[in-house]
Amino acid sequence: MMQRMLIRFQQFMAGRHGLDQLTVALLCVSLFSNLMLGLTRWIWWYPLELAALALAVFRTLSRNHPKRWAENQKFLSLWNPFRQKCRRLWIDLKQKTLSFSASMEDKRTHRHFQCPQCGQKIRVPKGRGKIIITCPRCRHEFQKKT
């Protein structure tokens with residue numbers, strides 16, 4: 001029984017366009033508007049949800065491959081630059097988070113001083129008591145407590 005239904009479904013879908021990136025995006029828009037409708041109870045979300053869902057079903061069941069392919073290419077030409085910007089922002093955010101956590105780790109184990117003569121930043125280990133620090137740039141010596 002189940003196998004017969006599966007065969008019938010495969011026969012029905014033969015030659016159909018199926019899913020592509022635009023159809024998945026339309027399904028996401030439909031899901032988002034459904035969520036917003038449930039949260040806000042604003043009735044104007046409902047037509048957006050139905051339109052996106054109907055267009056996704058139409059595109060999936062369509063047999064006009066060249067037209068659906070052209071629509072998908074147009075969507076991708078608009079979507080990919082936006083996606084790349086989001087990916088770059090995400091990578092930058094991750095790098096800033098990693099550098100922040102690394103600097104927090106560094107602050108636990110080291111102290112940072114500035115040379116009074118030339119302004120060079122110098123990193124020394126914590127917990128050594130009073131030490132004489134020699135600036136690597138100008139060779140000026142000064143005493144600090146770590």
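This is a predicted model: local features need pLDDT of at least 70, side-chain atom pairs count only at pLDDT 80 or more; totals for chains, interfaces and linings use all residues.
Visitor: How many salt bridges does the structure hold?
Guide: Arg59 pairs with Asp20 and Glu71 forms a salt bridge with Arg59. Glu71 also forms one with Arg68. The number of salt bridges in the structure is 3.

Visitor: Which residues are linked in a network of salt bridges?
Guide: Arg59 meets the side chain of Asp20, and Glu71 has salt bridges with Arg59 and with Arg68. Side chains of opposite charge can pair when their charged atoms come close. The linked residues are Asp20, Arg59, Arg68 and Glu71.

Visitor: How many residues apart in sequence are the parts that Arg59 and Asp20 tie together?
Guide: The salt bridge between these side chains has an N to O distance of 2.4 Å. Arg59 belongs to helix H3, while Asp20 sits in the loop between helix H1 (2–13) and H2, so the pair ties together parts whose separation in sequence is 39 residues.

Visitor: Is Arg59 buried or exposed?
Guide: Arg59 is found in helix H3. Its contacts, leaving out residues up to four places away in sequence, include His17, Gly18, Leu22, Thr23, Leu26 and Asn72. Buried means under 20% relative accessible area. Because the value for Arg59 is 2%, the residue counts as buried.

Visitor: Which helix holds Glu71, the partner of Arg59?
Guide: The closest N and O atoms of the salt bridge between Glu71 and Arg59 are 2.4 Å apart. The two residues are 12 apart and link distant parts of the chain, with Arg59 in helix H3 and Glu71 in helix H4 (residues 65–109).

Visitor: What is the relative accessible area of Glu71?
Guide: A residue is buried under 20% and exposed over 50%, with partly exposed in between. Glu71 falls in the partly exposed class, because its relative accessible area is 30%.

Visitor: What separates Glu71 and Arg68 along helix H4?
Guide: Their closest N and O atoms are 2.9 Å apart in a salt bridge. Arg68 counts as buried at 5% relative accessibility. Glu71 and Arg68 are 3 residues apart in helix H4, so their separation is about one helical turn.

Visitor: Which elements give two or more residues to the nonpolar patch?
Guide: The patch on the surface is formed by Leu19, Val24, Leu27, Leu53 and Val57, which together have about 410 Å² of accessible area. The elements in question are helix H2 (21–40) and helix H3 (45–61).

Visitor: What is the relative accessible area of Leu53?
Guide: Leu53 is one of the residues of the nonpolar patch, and its place is in helix H3. Patch residues need over 30% relative accessible area. Leu53 is partly exposed, with a value of 35%.

Visitor: How far apart in space are Val24 and Val57, C-alpha to C-alpha?
Guide: Both residues belong to the nonpolar patch. Val24 lies in helix H2 and is partly exposed at 39% relative accessible area. Val24 and Val57 are 33 residues apart in sequence, and their C-alpha separation in space is 10 Å.

Visitor: Which backbone oxygen does the side chain of Ser33 reach?
Guide: Ser33 is found in helix H2 and is buried, at 0% relative accessibility. Beyond its neighbours within four places in sequence, Ser33 is in contact with Trp45, Leu48 and Glu49. At 3.0 Å, its side chain reaches the backbone oxygen of Ser30.

Visitor: Which residue in the turn between S1 and S2 has a positive phi?
Guide: Strands S1 (residues 110–114) and S2 (residues 121–125) run antiparallel and are joined by 5 bridges. His110 stands opposite Pro125 in S2. The hairpin has 6 residues between its strands, and a positive phi of about 85 degrees belongs to Gly119.

Visitor: Which residue takes a positive phi in the hairpin of S3 and S4?
Guide: Strand S3 (residues 130–134) and strand S4 (residues 141–145) are antiparallel, with 5 bridges joining them. Ile131 has Lys144 in S4 as its bridge partner. There are 6 residues between the strands, and the residue with a positive phi near 65 degrees is Arg139.

Conventions. Residues are numbered from 1 along each chain as its sequence is written. Side-chain values use heavy atoms; hydrogens and water are left out. Patches are made of residues with over 30% relative accessible area and no salt bridge: like charges are joined within 9 Å, nonpolar side chains (Val, Leu, Ile, Met, Phe, Trp, Tyr) within 5 Å. Accessible areas come from the Shrake-Rupley method with a 1.4 Å probe; for residues, only the protein chains shown count as cover. A salt bridge is a side-chain nitrogen of Lys or Arg within 4 Å of a carboxyl oxygen of Asp or Glu. Helices (H or I, at least four residues) and strands (E, at least two) are DSSP runs, numbered from the N terminus. Buried means under 20% relative accessible area, exposed over 50%, partly exposed in between (1.4 Å probe, protein chains only). A polar contact is a pair of N or O atoms within 3.5 Å; within protein, one must be able to donate a hydrogen and the other to accept it, and residues adjacent in sequence count only if both atoms are side-chain atoms. Contact means heavy atoms within 4.5 Å. Two strands pair if DSSP finds at least two bridges between them.
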